[in-house]
Amino acid sequence: MLAGLIWGTVHGNLDQVTQGLIESSKEAVTLGITMLGVLSFWNGILEIARRAGLIDWLSVQMDPVLDFLFPELSRSHPARGPIAVNIAANLLGLGMAAMPAGIEAMRAMKTETEQHSQPDTAESIATSSMCTFLILNISSLQLVPINMIAYRSQYGSAEPAVIVGPALVATALSTLTAVVFCKSMDLFQAGRTVRPR
């Protein structure tokens with residue numbers, strides 16, 4: 001911002017820079033209110049689903065996928081439900097709505113790690129499951145990118161949903177790459193821990 005102000009002052013465009021700052025601030029507030037509504041709605045839906053038992057049902061339905069992606073986590077692990085919710089929310093393109101479940105899952109995995117670690121090393125340990133979960137969140141396979149459609153609609157796109165096809169291809173490739181990377185690293189780590197006698 002400082003560089004922009006200096007540049008505008010030197011070139012005599014300070015009025016345009018100031019106007020741009022005001023308009024950008026207004027757009028940021030408007031977009032924030034729009035996305036707050038989307039986030040509130042979907043967090044409410046997720047809470048209703050949790051209370052109705054749909055989260056536990058979803059976790060059971062996703063057992064084969066979760067067993068493959070997170071072999072360290074037993075089926076009774078408290079992180080599995082939030083992981084299932086997080087993956088489902090990301091599939092719907094609700095990254096912000098997926099965040100609370102993601103934080104809950106990480107906390108559950110961290111608690112489990114702390115219980116099975118030495119007190120002085122627990123803070124620095126990131127398990128394979130934690131790393132896999134983080135990378136899957138970054139790659140984020142999306143069947144319907146609702147947040148992106150909302151952004152495009154907010155900014156006046158004539159066809160905000162046209163992004164669905166390209167987003168599906170891009171996120172499918174990124175998620176496939178993430179899974180291959182995580183499994184490769186798991187194999188690499190397993191090979192390093194097995195030492196010849």
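Of the 197 residues in the protein chain, 30% are buried, where buried means under 20% relative accessible area, exposed means over 50%, and partly exposed lies in between (1.4 Å probe, protein chains only). The model is a predicted one, in which local features need pLDDT of at least 70 and side-chain atom pairs count only at pLDDT 80 or more, while totals for chains, interfaces and linings use all residues. Residues are numbered from 1 along each chain as its sequence is written, and side-chain values use heavy atoms, with hydrogens and water left out.

The protein chain contains 9 helices and 0 strands; helices (H or I, at least four residues) and strands (E, at least two) are DSSP runs, numbered from the N terminus. Read from the N terminus on, the order of elements is α-α-α-α-α-α-α-α-α. The radius of gyration of the protein chain is 22 Å, well over the 16 Å that the globule rule gives for 197 residues, so the chain is more spread out than a compact globule. This radius is taken over C-alpha atoms, and the globule rule is 2.2 Å times the number of residues to the power 0.38. Along the principal axes, the C-alpha atoms fill a box of roughly 75 × 45 × 35 Å.

Among contacts between residues at least 6 apart in sequence, 62% join residues at least 24 apart, a contact being heavy atoms within 4.5 Å.

Two packed helices are described by the angle between their axes and the distance between the axes. Helix α1 (residues 2-10) and helix α2 (residues 14-51) pack at an angle of about 145°, with their axes 7 Å apart. Here axes are lines fitted to C-alpha atoms, for helices over the stretch in contact, and angles run from 0 to 180 degrees between N-to-C directions. Helix α1 contributes Gly4, Leu5, Gly8 and Thr9 to the contact, and α2 contributes Leu14, Val17 and Leu21. These residues divide into 4 nonpolar, 3 polar and no charged; Ala, Val, Leu, Ile, Met, Phe, Trp, Tyr, Cys and Pro count as nonpolar, Asp, Glu, Lys and Arg as charged, and the others, Gly among them, as polar.

Several individual residues may now be considered. Asn86 belongs to helix α5 (residues 80-91) and counts as buried at 2% relative accessibility. Leaving aside residues up to four places away in sequence, Asn86 touches Ala98, Met99, Ala101, Gly102, Phe133 and Asn137.

Thr175, in helix α9 (residues 164-193), is likewise buried, at 13% relative accessibility. Its side chain is joined to that of Ser139 by a polar contact of 3.4 Å, that is, a pair of N or O atoms within 3.5 Å; within protein, one must be able to donate a hydrogen and the other to accept it, and residues adjacent in sequence count only if both atoms are side-chain atoms. A polar atom of the Thr175 side chain also lies 2.8 Å from the backbone oxygen of Thr171. Not counting residues up to four places away in sequence, Thr175 touches Leu136, Ser139, Ser140 and Leu141.

Ser140, one of these, is placed in the loop between α7 and α8 (146-154). Although not a glycine, Ser140 has a positive phi of about 50°, and with a relative accessible area of 9% Ser140 is buried. Ser128, in helix α7 (residues 128-139), is partly exposed at 23% relative accessibility.
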